[in-house]
Amino acid sequence: MPAHAPKPHAPRPRPAKQRTRAVLLGAAAASLASFTLAGLGQAASAASPARAVHDAPATAGVRDRAAEALAGTGLDDPYKKDIAMRLVSSAENSSLDWRAQFTYIEDIGDGRGYTGGIIGFCSGTGDMLDLVELYTKQKPGNPLAKYLPALRKVNGSDSHAGLGKPFEDAWHKAAGDKAFQDAQESERDRVYFDPAVRQAEQDGLRALGQFAYYDAIVMHGPGNGKDSFGGIRKAALAKAKPPAQGGDEKTYLGAFLDARKVAMKHEEAHSDTSRVDTEQRVFLDNGNLDLEPPLKWKVYGDSYEIKR
């Protein structure tokens, strides 16, 4: 794997709702159908004629965990981690079915080339290259392996040179391969999820705080730049102490969300701060520091619900 750290300085703008990830092809579409048959991805009745309320129970394999066993658990609990994935997907994909996004790939016009997969790996920022290198190490001769030279050349730019439609088709084909799905989850955890949860635990934060860190690192990238995750946390620490330093958890999380909004507004692509205002802030104001369902929130004006 390359020694560089993906996205060490540049924030990661995400598309507005109008640029939702709607590409559900090949095996991912079949996967979505199977999940539907299993009772997943069922939408609740509309909250109003204009706004649908989306509700989905937990992903298969974790959905039957007893609710009372969740109290006090962090995002390293499989059920809570699945909740975190669905929360992020509501903002990133306008869907709670995060597993349907393995096949997603497009250029959202943010200057980072292609964005793809369950966490938005980018061809211009290094993490897509890392992903395909890992996949190729684990499964040589895969559909994406031949694009590694092109991915190395376009890294650091928004160029599609050597990629284009054939690369997109290869990505969709690879998305049906369990090895590629596993590689996406592995890189998501290595670069984003695990560092965010580890730092939150060190700061004495419970599940909501762990999720706030994770969502921030997904959007803004790791690193210590002003608008990266490290810079946002630094700004929050200047205003309040986390529990590990004797501070009040709710007060500190409020300062972190305030700092996050400042960073978001530094880029036009982040101007809609609803994933903070009508999602995370709602949970915080309700005192749901353990991120326990039922959960109701809005992103880009759409309503979502996790009942259990």
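Select A150 to begin. A150 sits in helix α4, which covers residues 148–154. The model is predicted. Is A150 buried or exposed? Its relative accessibility is 13%, under the 20% cut-off, so A150 counts as buried.

Now show what surrounds A150. Leave out residues up to four places away in sequence, and A150 touches A161, G162 and L163. S123 and A150 are 27 residues apart along the chain, and 9.7 Å separates their C-alpha atoms.

**The whole chain**

Zoom out and switch to a cartoon view. The protein chain has 10 helices and six strands. Of its 308 residues, 56% are buried. Take the contacts between residues at least 6 apart in sequence: 63% of them join residues at least 24 apart.

**Helices α2 and α10**

Select residues 78–93 for helix α2 and residues 274–285 for helix α10. How do these two helices cross? Their axes come within 11 Å, at an angle of roughly 165°. An angle over 145 degrees counts as roughly antiparallel, so α2 is roughly antiparallel to α10. The crossing of α2 past α10 is right-handed.

Show side chains at this contact. From α2, pick L87, S90, A91 and E92; from α10, pick R275, E279 and F283. These residues of the α2 and α10 contact divide into three nonpolar, one polar and three charged.

Move on to S94. S94 is in the loop between α2 and β2, the strand at 105–107. Check its backbone: phi of S94 is near 55°, a positive value in a residue other than glycine. How exposed is S94? With a relative accessible area of 22%, S94 is partly exposed.

**Helices α7 and α8**

Next, select residues 207–220, helix α7, together with residues 229–237, helix α8. The two pack at an angle of about 135°, and their axes are 9 Å apart. That angle makes α7 and α8 oblique to each other.

Which residues make this contact? On the α7 side, select Y213, A216, I217 and H220. On the α8 side, select F229, I232 and R233. The residues of the contact of α7 with α8 divide into five nonpolar, one polar and one charged.

**Past α10**

Now go to P293 and P294. What kind of peptide bond joins P293 and P294? The bond is cis, with omega about 5°. P294 lies in the loop between α10 and β5, the strand at 295–299.

Finish at Y300. Y300 is in the loop between β5 and β6, and β6 covers 302–306. Phi of Y300 is near 55°, again a positive value in a residue other than glycine. Y300 is buried, with a relative accessible area of 13%.

To look back, select S94 and Y300 together. S94 is partly exposed, whereas Y300 is buried. Each has a positive phi, near 55° for S94 and near 55° for Y300.

Note on methods:
Residues are numbered from 1 along each chain as its sequence is written. This is a predicted model: local features need pLDDT of at least 70, side-chain atom pairs count only at pLDDT 80 or more; totals for chains, interfaces and linings use all residues. Side-chain values use heavy atoms; hydrogens and water are left out. Helices (H or I, at least four residues) and strands (E, at least two) are DSSP runs, numbered from the N terminus. Buried means under 20% relative accessible area, exposed over 50%, partly exposed in between (1.4 Å probe, protein chains only). Contact means heavy atoms within 4.5 Å. Axes are lines fitted to C-alpha atoms, for helices over the stretch in contact, and angles run from 0 to 180 degrees between N-to-C directions. Angles under 35 degrees count as roughly parallel, over 145 as roughly antiparallel, 65 to 115 as roughly perpendicular and the rest as oblique. A crossing is left-handed if the near helix is turned anticlockwise from the far one by less than a right angle, and right-handed if clockwise. Ala, Val, Leu, Ile, Met, Phe, Trp, Tyr, Cys and Pro count as nonpolar, Asp, Glu, Lys and Arg as charged, and the others, Gly among them, as polar.
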